[in-house]
Amino acid sequence: MKNIAVLVSGGGSNLQAIIDAIESGNITNANISIIVSSSDKAFALERAKRHNIKRVVLKKSDFIDTEALDKALVEVLNNHNIDLVVLAGYLRILGKEVVSKYSNRIINVHPSLIPAFCGDGYYGLKVHQAALEYGAKVSGATVHFVNEITDGGAIIMQKAVYIEDDDTPETLQKRIMTEAEWKILPKTIDLLCNDKIEINSRKVRIKVD
Ligand code: GRF
């Protein structure tokens with residue numbers, strides 16, 4: 001059984017997709033041991049409470065500096081014997097200590113087809129705004145390993161979503177969440193927790209039986 005930590009900051013719809021997938025058996029060999037939120041106002045915390053999942057808030061304003069916050073995060077992960085860290089709408093940049101200690105054991109879901117519309121400053125609706133302004137015909141979601149570069153880690157899984165002529169950032173965001181994020185994030189977690197994924201430099205391969 002793999003112990004998962006899910007890091008959140010907002011609505012928690014991706015967290016909900018993970019919870020639902022575990023409860024329905026679409027994710028096996030996995031247990032959410034702890035949910036860490038960067039905000040005490042995140043609705044993701046309410047979702048965790050409804051499913052009796054342990055949760056903790058690590059707010060920047062509660063720490064003297066980011067180093068202290070990162071140390072607290074490492075301590076929480078250590079105390080829960082975490083095998084896999086999942087960033088599900090987590091808005092903070094992880095400190096070097098966490099990224100190096102959990103190399104190839106931290107994944108993130110980004111709401112575009114990386115390397116498009118990603119990197120510093122591309123989060124939430126801004127991603128979809130950029131895709132629409134560019135006139136892109138297709139966008140989607142990416143699940144990738146986390147390294148020291150924002151949205152720069154090796155890509156694990158992607159799913160494309162067509163952009164409609166009358167899309168707004170909000171309608172595009174909703175479709176990408178529904179049709180892509182909420183599918184490929186749980187699927188990736190199941191594969192990782194069942195040791196079905198191997199990585200060689202930037203090449204990630206799903207092992208077939
Ligand atoms: C999602 O669009 C995700 O791709 C991005 O942040 C958003 C979080 O949404 N990283 P939620 O908190 O999972 O509902």
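Mentor: One definition before we start: two strands count as paired if DSSP finds at least two bridges between them. Keep in mind, too, that this is a predicted model.

Trainee: Which residue of β4 is the bridge partner of Ile-4?
Mentor: Ile-4 has Leu-84 as its bridge partner in β4. Strand β1 (residues 2-8) and β4 run parallel, joined by four bridges.

Trainee: And what lies on the way from β4 to β5?
Mentor: The chain passes from β4 through helix α4 (residues 96-101) to β5, a β-α-β crossover that is right-handed. β4 and strand β5 (residues 106-110) also run parallel, with three bridges joining them. Within that pairing, Val-85 stands opposite Ile-106 of β5.

Trainee: How do I read the side chains of a strand?
Mentor: In a regular strand, side chains alternate between the two faces of the sheet. Here, Leu-84 and Val-86 point one way from β4, while Val-85 and Leu-87 point the other way.

Trainee: Are those four buried or exposed?
Mentor: All of them are buried.

Trainee: Now the ligand: which residues surround it?
Mentor: Among them are Gly-10, Gly-12, Ser-13, Gly-89, Pro-111, Met-177 and Glu-181.

Trainee: How much of the ligand does the protein bury?
Mentor: Taken alone, the ligand exposes 370 Å², and the protein buries 86% of that.

Key: Residues numbered from 1 in each chain as written. Predicted model: local features only at pLDDT ≥ 70, side-chain atom pairs only at ≥ 80, totals over all residues. Heavy atoms only, no water. Buried < 20%, exposed > 50% of the residue type's maximum accessible area, 1.4 Å probe, protein only. Helix = DSSP H or I, 4+ residues; strand = E, 2+ residues; numbered from the N terminus. Right-handed = clockwise from strand over helix to strand, strands pointing away. Near = heavy atom within 4 Å. Areas by Shrake-Rupley, 256 points an atom, 1.4 Å probe, with all protein chains shown as cover.
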